[in-house]
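Trainee: I am new to this structure and would like to go through it with you. Could we begin with the chain as a whole?

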Amino acid sequence: MNTQHSTLPTAIRECADAVAATASGVSAEQLGDRTPCEKFTVAELLDHLGETLSSSARAARKEPQPDGAAASGTSTTSVAESANRAAAAWGDPGAYEGTTEFGPGEMPAGFAATITLEELALHGWDLARATGQEFAIGEDAAQVALGAVEQIAEQARTSGAYGPPVPVSADAPAFHRALGASGRNPEWSG
């Protein structure tokens, strides 16, 4: 594993733990609520996370991706389990070698790990904010997440996955800067 990827497994694990804790705290009454990611309600975000994290674990293990869309109605428990499986899979140094199938097609495995971290961090925060929970990650993981968001921001904006950047102070915490770079307002409230 090269130096660029040496911080990813720890950051992925920390964000996956935060996602699992957040998902476990979602109540049935909150499933229709809005999230900071305008594309998703809480239920739709859980579906997205469950599908993406399952796909990420397969990508880390270099397994083929299934054809067709996943079923909706992902439970909070299955999202927590998917987060843990993805983190465990990316904990293997060999996961970062070569190429893998993830998302739109084949890509460098290290880039798939970067996308996984970005998904966990941003959508984990979306889920936490929408459900009145804290998304607590340390400064080291936040710095790695910021790097991941900055690495893919231009491409994500072009594809519509990110909105225009939200201005955030240069001396704001790293995670707030990551949120702003992705088009999210760190002060969002439902």
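Trainee: What percentage of the 190 residues in the protein chain is buried?

Mentor: Buried residues account for 48% of the 190 residues in the protein chain. Here buried means under 20% relative accessible area, exposed means over 50%, and partly exposed lies in between, with a 1.4 Å probe and protein chains only. Please note that this is a predicted model, in which local features need pLDDT of at least 70 and side-chain atom pairs count only at pLDDT 80 or more, while totals for chains, interfaces and linings use all residues. Residues are numbered from 1 along each chain as its sequence is written, and side-chain values use heavy atoms, leaving out hydrogens and water.

Trainee: How many helices and strands does the protein chain have?

Mentor: The secondary structure comes to seven helices and two strands. Along the sequence, the pattern reads α-α-α-α-β-β-α-α-α. The protein chain has a radius of gyration of 15 Å, close to the 16 Å that the globule rule gives for 190 residues, so it is as compact as a globular protein of that length. Helices (H or I, at least four residues) and strands (E, at least two) are DSSP runs, numbered from the N terminus. The radius of gyration is taken over C-alpha atoms, and the globule rule is 2.2 Å times the number of residues to the power 0.38.

Trainee: And what box do the C-alpha atoms fill?

Mentor: Taken along the principal axes, the box is roughly 40 × 40 × 30 Å. As for contacts, meaning heavy atoms within 4.5 Å, 71% of those between residues at least 6 apart in sequence join residues at least 24 apart.

Trainee: Let us turn to one helix. Which residues of helix 4 are buried?

Mentor: They are Val79, Ala80, Ser82, Ala83, Ala86, Ala87, Ala89 and Trp90. These buried residues pack against helix 2, helix 3 (42–60) and helix 5. Helix 4 covers residues 76–90, and its 15 residues reach 21 Å from the first C-alpha to the last, close to the 21 Å expected at 1.5 Å a residue. That expected span is 1.5 Å times one less than the number of residues.

Trainee: Now the charged side chains. How many salt bridges are there?

Mentor: The count comes to three salt bridges, each being a side-chain nitrogen of Lys or Arg within 4 Å of a carboxyl oxygen of Asp or Glu. One of them joins Asp17 to Arg13, with the closest N and O atoms 2.9 Å apart.

Trainee: Where do Asp17 and Arg13 sit relative to each other?

Mentor: Both are in helix 2 (residues 8–24), four residues apart, so about one helical turn separates them. Asp17 is partly exposed at 38% relative accessibility, and Arg13 is partly exposed at 29%.

Trainee: Which residue does Asp126 pair with?

Mentor: Asp126 forms a salt bridge with Arg184, the closest N and O atoms being 2.8 Å apart. This pair links distant parts of the chain, 58 residues apart: Asp126 is in helix 5 (residues 109–130), and Arg184 is in the segment after helix 7 (174–181). Asp126 is buried at 0% relative accessible area, and Arg184 is buried at 6%.

Trainee: What about Glu63?

Mentor: Glu63 forms a salt bridge with Arg61, and their closest N and O atoms are 2.9 Å apart. Glu63 is partly exposed at 32%, as is Arg61 at 41%.

Trainee: Finally, which residues does Val166 touch?

Mentor: Not counting residues up to four places away in sequence, Val166 touches Gly180, Gly183, Arg184 and Asn185. Val166 is in the loop between helix 6 (139–159) and helix 7, and is partly exposed at 23%.
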